[in-house]
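Please open the structure in your viewer and keep the selection tool ready. This tour goes from one stop to the next, saying what to select and what is found there.

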There are 2 protein chains.
Amino acid sequence: MQIWKITLSYDGTPFHGWQIQPGLATVQGTLAAAIRHVTGETVLPQGSGRTDTGVHALGQVASFALECGIPGENLHRALNRALPTSIRVLAVEAMTEGFHARHSAVRKSYEYRIFHGLVKRGQMGIICSPMLAPYVWDCPLPLDLTLLQEAATHVLGTHDFTSFAASDPDRATREAEVPVYATGVRRIDRSCWQERDGLYVYSVTGSGFLHHMVRNMMGTFVEVGAGRLSPDSIPGILAARSRSAAGPTAPARGLFLVEVEY
Amino acid sequence: MQIWKITLSYDGTPFHGWQIQPGLATVQGTLAAAIRHVTGETVLPQGSGRTDTGVHALGQVASFALECGIPGENLHRALNRALPTSIRVLAVEAMTEGFHARHSAVRKSYEYRIFHGLVKRGQMGIICSPMLAPYVWDCPLPLDLTLLQEAATHVLGTHDFTSFAASDPDRATREAEVPVYATGVRRIDRSCWQERDGLYVYSVTGSGFLHHMVRNMMGTFVEVGAGRLSPDSIPGILAARSRSAAGPTAPARGLFLVEVEY
């Protein structure tokens, strides 16, 4: 028996999220089918966390155990041959027993990409390319990058992020990622904006993320960036520990799971 | 009655090509539905030519006539609101009577994008990102850019391109683009390769293109680039005037219709 760790990139567009569901194309289900095709073994690869429908990954990690003694390089090549081009295995590593993609993770990084072509109300603005549209939020509001950065700075450090968690508490807990706290307390080590390839890109690294947490922070940051909310309202939103205190949920398609650290 | 010219960009991935087909998502059908939604008028927008399933457009042109007196700017905005993000109207122009997107076109430009990550046989190579895969040919052969350019130079000028046309002669003629000759003779003004963003990109401009012509030239160029065929075999392939003389048809997903000139 060998524990395998695989690093994956996927385009979330054609999938109904990570988690296996009968009759629907999901990343976990497609990966399980590819592993079965390659090895004949039926396993359910465990992801570092779920990603929602439309969310992309540049470095998702999954783990599973195999009976067969296939070399890692062969497993890597064979999986990429068996998988659709919308999922690629970037790396395969043999791990010691006890490794688990979700339980062993210590930090995660996400990126959120915003296309900001519509700069003036009622005017046409720059049109978002159809080839880019599945990978960005084509935000219709004029955004101030300085205000976005001010808002982002307020979430650095250890806070209770309940206000930014999906409002269904059962689901928020069930979806909670590692390390699993009983509460909404998480530590954010990096939270910053940059302009890249004509996009506004938000990068966030933390000890773990509640369900919808990055998308709910994004919806709130954009309210700040558009001048509808003061950057200094973020601490109060955190303190409220209520979903209704924060802004709306930003679209899934702008979100990328970038890296999982162990 | 007003003739409209619209310039379109689209992601060919979710569509069964340009041409309207009952029960299938096509660009022409989706556009006709958007025009009907906006104006209440049922028209069939005429494209500069068809694009096959999976072929993309950066500057497709379509024309249609409307009874209503909607200003161009309003038509532009309303169409983009009505269309899915996989199709964007880039420009709207009011034209004088007699303009027709296909009949009035004088030149067209295409681009073909190749990802060349697998450089050595049997080795892993660079993995093509899932987010890039729908827009490139992830070519498994090691390619020499100098050889590709030598092959491309041989198609410059006026030639009979029958060897590079889809083998069904009825379909090849039916799909023939402007100006419509009775033969396979076309004039190529530009045919060159460049390396861009880590891709090999082929650009071609000509008086018109037979059905599958760019994809069949590409399949042949790649045989040359991989060292399986001499660049000097291209004139003989043209002279043969037979589809079987040329290489295979390259995948649709690497092809972009870039511009139509009038």
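The tour begins with a whole chain and then moves to single residues.

This is a predicted model, in which local features need pLDDT of at least 70 and side-chain atom pairs count only at pLDDT 80 or more, while totals for chains, interfaces and linings use all residues. Residues are numbered from 1 along each chain as its sequence is written, chains are lettered from A and ligands numbered from 1 in the order in which they are written, and side-chain values use heavy atoms, with hydrogens and water left out.

**Stop 1: chain A as a whole**

Select chain A, which has six helices and ten strands; helices (H or I, at least four residues) and strands (E, at least two) are DSSP runs, numbered from the N terminus. Taken along the principal axes, its C-alpha atoms fill a box of roughly 60 × 40 × 30 Å. Of the 262 residues in chain A, 53% are buried, where buried means under 20% relative accessible area, exposed over 50%, and partly exposed in between (1.4 Å probe, protein chains only). Among contacts (heavy atoms within 4.5 Å) between residues of chain A at least 6 apart in sequence, 75% join residues at least 24 apart.

**Stop 2: Thr39(A), in helix 1**

Now select Thr39(A), which belongs to helix 1 (residues 27-39) of chain A. Why does Thr39(A) count as buried? The reason is its relative accessibility of 18%. Polar contacts are pairs of N or O atoms within 3.5 Å; within protein, one must be able to donate a hydrogen and the other to accept it, and residues adjacent in sequence count only if both atoms are side-chain atoms. A polar atom of the Thr39(A) side chain lies 2.7 Å from the backbone oxygen of Ile35(A), and a polar atom of that side chain lies 3.0 Å from the backbone nitrogen of Glu41(A). If neighbours within four places in sequence are left aside, Thr39(A) is in contact with Leu66(A), Cys68(A) and Leu75(A).

**Stop 3: helix 2 and its cover**

Leu75(A) leads on to helix 2 (residues 72-82) of chain A, where Leu75(A), His76(A), Ala78(A), Leu79(A) and Asn80(A) are buried. An α-helix has 3.6 residues a turn, so residues three or four places apart point the same way.

**Stop 4: Ser9(A), in strand 1**

Within strand 1 of chain A, select Ser9(A), which is buried at 3% relative accessibility. A polar atom of its side chain lies 2.9 Å from the backbone oxygen of Ala57(A). Leaving aside neighbours within four places in sequence, the contacts of Ser9(A) include Ala57(A), Leu58(A) and Ser86(A), as well as Pro130(B) and Met131(B).

**Stop 5: Lys5(B), in chain B**

Turn to chain B and select Lys5(B), in strand 1 (residues 2-10) of that chain. Is Lys5(B) buried or exposed? Lys5(B) is buried, with a relative accessible area of 12%. Not counting residues up to four places away in sequence, Lys5(B) touches several residues, among them Val61(B), Glu93(B), Phe99(B) and Tyr262(B).

**Stop 6: Gly225(A), in helix 5**

Finally, return to chain A and select Gly225(A), which is found in helix 5 (residues 213-225) and is buried, with a relative accessible area of 3%. Apart from neighbours within four places in sequence, Gly225(A) is in contact with Pro142(A), Leu143(A), Asp144(A), Leu147(A) and Leu148(A).
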